[in-house]
Amino acid sequence: METPLKQIYQIRIPLPFRLNHVNSYLVQDGSFWSVIDPGLDTLVTEKSWVQTLHQLNVKPSDIRNIYITHFHPDHYGFAGKMQRWTEADVIASPETFTLAERYFSKEQGVRNLHFYLKSGMPETLAQDVAELDSRLLHQISPITGTRVNLLEGDSIVLAGEPYEIILGGGHAEGSVGFWNAERQALIGGDLLLQKITPNITYQFEEDEGNPLASYFETLNALQRRMVRTVLPGHGPVFQPQTDYFESVIAHHKERLDHVLGIVHEAGSAGTTIYDISMSLFSKVFDNDSARFALGETAAHVRYLERQKLLRVQESGGKYSVYENVQY
Ligand SMILES: [Zn+2]
């Protein structure tokens, strides 16, 4: 529970997914406390918090700030309820607030289903995956109290020490990292994880996004800071190895090459994003993984499309992916 940073505690909260926990952080500043990433809105989360606050002898009214690293339900979901319980401010990047409102809506459920079908996912699977999406809506409590925006370069105090706000993207646009320059420590949400690379996901009808490019930029920015300690959103606190950044980038480059290879083989017939995802992720074994695989594949296809190495054409309600060559 203690971390290398004094008065910053890691709380592991169970999640009902294959990724079975999320890390929250509880930060002491004299007589008041802050929470970073309260978790998913479930009874288990609520119980974990009641127990933790009891153990540390913290009253709900001692919590003044609820920080959110990014808008994903496992980090953001419980914020609204915790705010009603503590009357704390909810503090996040403006994108986090906007994206949460956009993604956790019935309309988004319809957009998701369209994307699954247009990507070539079989209809029953697409319906099942869309059903999973709609279930998540019940695990997010809306924020009704005070919201405060965090902007790039802002400075805040956690446990008596200054932290700079770094904004990143890729896994979730508007992700916040809390950077302690003195200690070269990052409270990073899902920006940097130890064993798994964060899911980089895209849906084609979405505006001008290119999340993989955005993630590469974020990695470059963090690499320049010489991060020595990461307090991540999942898994234990870790020290990135010297080749950490190179190996994450290499992993995505390999995947990009793999996608190019599959599309090249498909030739003038083209292929679907779903078929690429099945070949890329041979170990997909449940609906949740199928959804992650599809989004991750779309993000890589999008990157290659922007590099003009692939073409994505929509016709008859389906996306077809082709090599960018004349046949
Ligand atoms: Zn997460």
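This is a predicted model: local features need pLDDT of at least 70, side-chain atom pairs count only at pLDDT 80 or more; totals for chains, interfaces and linings use all residues.

**Starting at Pro38**

I began with the contacts of Pro38, skipping residues up to four places away in sequence: Pro38 touches Ser24, Ile66, Phe78, Ala79 and Met82.

Is Pro38 buried or exposed? I counted 33 other C-beta atoms within 10 Å, so Pro38 is buried; the cut-off for that is 20 or more.

I also looked at His75. Pro38 and His75 are 37 residues apart in sequence, yet their C-alpha atoms are 6.0 Å apart in space.

**Over to Ile66**

Leaving out neighbours within four places in sequence, Ile66 is in contact with Val35, Pro38, Ala79, Met82, Gln83, Ala88, Asp89, Val90 and Ile91.

**The core**

Which residues touch the most other members of the largest nonpolar core? I got Ile66, Ala79, Leu186, Ile273, Leu294 and Val301, out of 76 residues in that core. I then asked which element gives the most to this core, and helix H10 (residues 287-306) does, with nine residues. Domain 1 (8-104 + 140-240) and domain 2 (246-323) both supply residues to this core, so the core lies between them.

**The two domains**

The domain assignment gives domain 1 as 8-104 + 140-240 and domain 2 as 246-323. On the side of domain 1 that touches domain 2, I sorted the residues into nine nonpolar, five polar and one charged. The contact itself involves 15 residues of domain 1 and 16 residues of domain 2. I put the C-alpha centres of the two domains 29 Å apart.

**Whole chain**

Buried residues come to 41% of the 327 residues. Among contacts with a separation of 6 or more, 65% are between residues 24 or more positions apart.

How does the radius of gyration fit a compact globule? For 327 residues I would expect a value near 20 Å, and the chain has 20 Å, so the two agree. I also boxed the C-alpha atoms along the principal axes and got roughly 70 × 40 × 30 Å.

Technical notes
Residues are numbered from 1 along each chain as its sequence is written. A nonpolar core is a set of buried Ala, Val, Leu, Ile, Met, Phe, Trp, Tyr and Cys residues joined through C-beta atoms within 7 Å. A residue is buried if 20 or more other C-beta atoms lie within 10 Å of its own, exposed if 12 or fewer, and partly exposed in between; C-beta atoms are placed from the backbone. Helices (H or I, at least four residues) and strands (E, at least two) are DSSP runs, numbered from the N terminus. Domain bounds come from an automatic or database domain assignment. Two residues are in contact if their C-beta atoms, placed from the backbone, lie within 7 Å. The radius of gyration is taken over C-alpha atoms; the globule rule is 2.2 Å times the number of residues to the power 0.38. Ala, Val, Leu, Ile, Met, Phe, Trp, Tyr, Cys and Pro count as nonpolar, Asp, Glu, Lys and Arg as charged, and the others, Gly among them, as polar.
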